[in-house]
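Student: I am new to this one. Could we go through it together, a piece at a time?

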Amino acid sequence: MARFERTHALQRLVNMRTATLLLYLCIFSLTWAVTQTLAFKCDVTATNLNFGNYDTMAPAPCDSTASINVACNMPPQHPNSPLTVTISISPGSSGSFAQRQMQSTSTDNLNYNLYSNASFSTIWGDGGGSSSTQVGFVTSTTPWDATLYGRIPALQNIRAGSYSDTITVTIDF
């Protein structure tokens with residue numbers, strides 16, 4: 001009978017240690033998950049892309065620039081470790097990267113596009129439809145200021161009025 005009690009007591013002790021170990025693992029896992037969720041916070045600001053007045057008779061395109069700023073806080077244990085950030089831009093109301101379009105209150109559409117370089121050769125989009133995303137690096141002390149280049153092709157036959165489009169900027173980190 002003494003042997004049964006010792007075995008039973010030993011088994012309870014092992015079960016209690018296993019339960020305690022599992023409890024510690026659960027607490028560690030929960031703490032780690034919360035720490036990972038709160039580790040990075042990024043703020044994004046963007047300026048409006050304003051082309052000003054468009055002259056339908058001008059032989060040259062109408063160009064403008066805007067900026068997208070990404071600033072992130074970093075975990076205290078690695079404040080200057082670079083964080084890779086990808087910026088994607090939607091096609092806007094036209095649904096196409098080949099030629100974005102601004103709309104007016106009339107039925108006219110004004111063609112334009114957005115680029116990631118000053119030579120207007122790389123369409124900035126989401127990586128689909130011949131567009132590309134932009135990748136940069138951010139630290140706690142160094143935000144990323146990305147320049148957005150806009151161009152309206154010359155000699156479009158449109159009515160006078162106000163034209164606009166809304167695009168969505170997506171930041172992945």
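Student: Is Tyr112 buried or exposed?

Tutor: Tyr112 is buried, since its relative accessible area is 4%. Buried means under 20% relative accessible area, exposed means over 50%, and partly exposed lies in between, with a 1.4 Å probe and protein chains only. Please note that this is a predicted model, in which local features need pLDDT of at least 70 and side-chain atom pairs count only at pLDDT 80 or more, while totals for chains, interfaces and linings use all residues. Residues are numbered from 1 along each chain as its sequence is written, and side-chain values use heavy atoms, with hydrogens and water left out.

Student: How many aromatic pairs does the structure hold?

Tutor: There are 3 aromatic pairs in the structure. Phe51 and Tyr112 form an edge-to-face one, 6.4 Å centre to centre with 70 degrees between the planes. Rings of Phe, Tyr and Trp (its six-membered ring) pair if their centres lie within 6.5 Å; planes under 30 degrees apart count as stacked, over 60 as edge-to-face and the rest as tilted.

Student: Which parts does that pair tie together?

Tutor: Phe51 lies in the loop between strand 1 (41–46) and strand 2 (62–73), and Tyr112 lies in strand 5, so the pair links parts that are 61 residues apart in sequence. Helices (H or I, at least four residues) and strands (E, at least two) are DSSP runs, numbered from the N terminus. Phe51 also counts as buried, at 13% relative accessibility.

Student: What about the rings of Phe120 and Tyr149?

Tutor: Their centres are 6.2 Å apart and their planes stand at 80 degrees, so this pair is edge-to-face. Phe120 is in the loop between strand 5 and strand 6 (134–138) and Tyr149 is in strand 7, so the pair ties together parts 29 residues apart in sequence. Phe120 is buried at 16%, and Tyr149 is buried at 19%. Tyr115, Phe120 and Tyr149 form one aromatic cluster.

Student: Which residue lies over the face of Phe120?

Tutor: Arg151 does, at 3.8 Å from the ring centre. A charge sits over a ring if NZ of Lys or CZ of Arg is within 6 Å of the ring centre and within 35 degrees of the ring normal.

Student: Which strands pair with it?

Tutor: Strand 4 (residues 100–103) pairs with strand 5 in the antiparallel sense over 4 bridges, and strand 7 (residues 144–152) pairs with strand 5, also antiparallel, over 3 bridges. Two strands pair if DSSP finds at least two bridges between them. A hairpin of 5 residues joins strand 4 to strand 5. Gln101 stands opposite Asn111 in strand 5, while Asn113 stands opposite Arg151 in strand 7.

Student: And where is Gln156?

Tutor: Gln156 is in the loop between strand 7 and strand 8 (169–172). At 10% relative accessibility, Gln156 counts as buried. Leaving out residues up to four places away in sequence, Gln156 touches Tyr54, Thr56, Asn109, Leu110 and Asn111; contact means heavy atoms within 4.5 Å.

Student: New topic: how many disulfides are there?

Tutor: The structure holds 1 disulfide. Cys42 and Cys72 form it, with their sulfur atoms 1.9 Å apart; the definition asks for a pair of cysteine sulfur atoms within 2.5 Å. The link is right-handed, with 105 degrees about the S-S bond. Cys42 lies in strand 1 and Cys72 in strand 2, so the pair ties together parts 30 residues apart in sequence. Cys42 is buried at 18%, and Cys72 is buried at 6%.

Student: Which residues touch the most other members of the largest nonpolar core?

Tutor: Val70, Ile87 and Ile152 do, in a core of 26 residues. Strand 2 gives the most to this core, with 5 residues. A nonpolar core is a set of buried Ala, Val, Leu, Ile, Met, Phe, Trp, Tyr and Cys residues joined through side-chain atoms within 4.5 Å. Among the contacts of Val70 are Cys42, Ile87 and Trp144.

Student: Last one: which face of strand 6 is covered?

Tutor: The covered face has Gln134, Gly136 and Val138, and the uncovered one has Val135 and Phe137. In a regular strand the side chains alternate between the two faces of the sheet.
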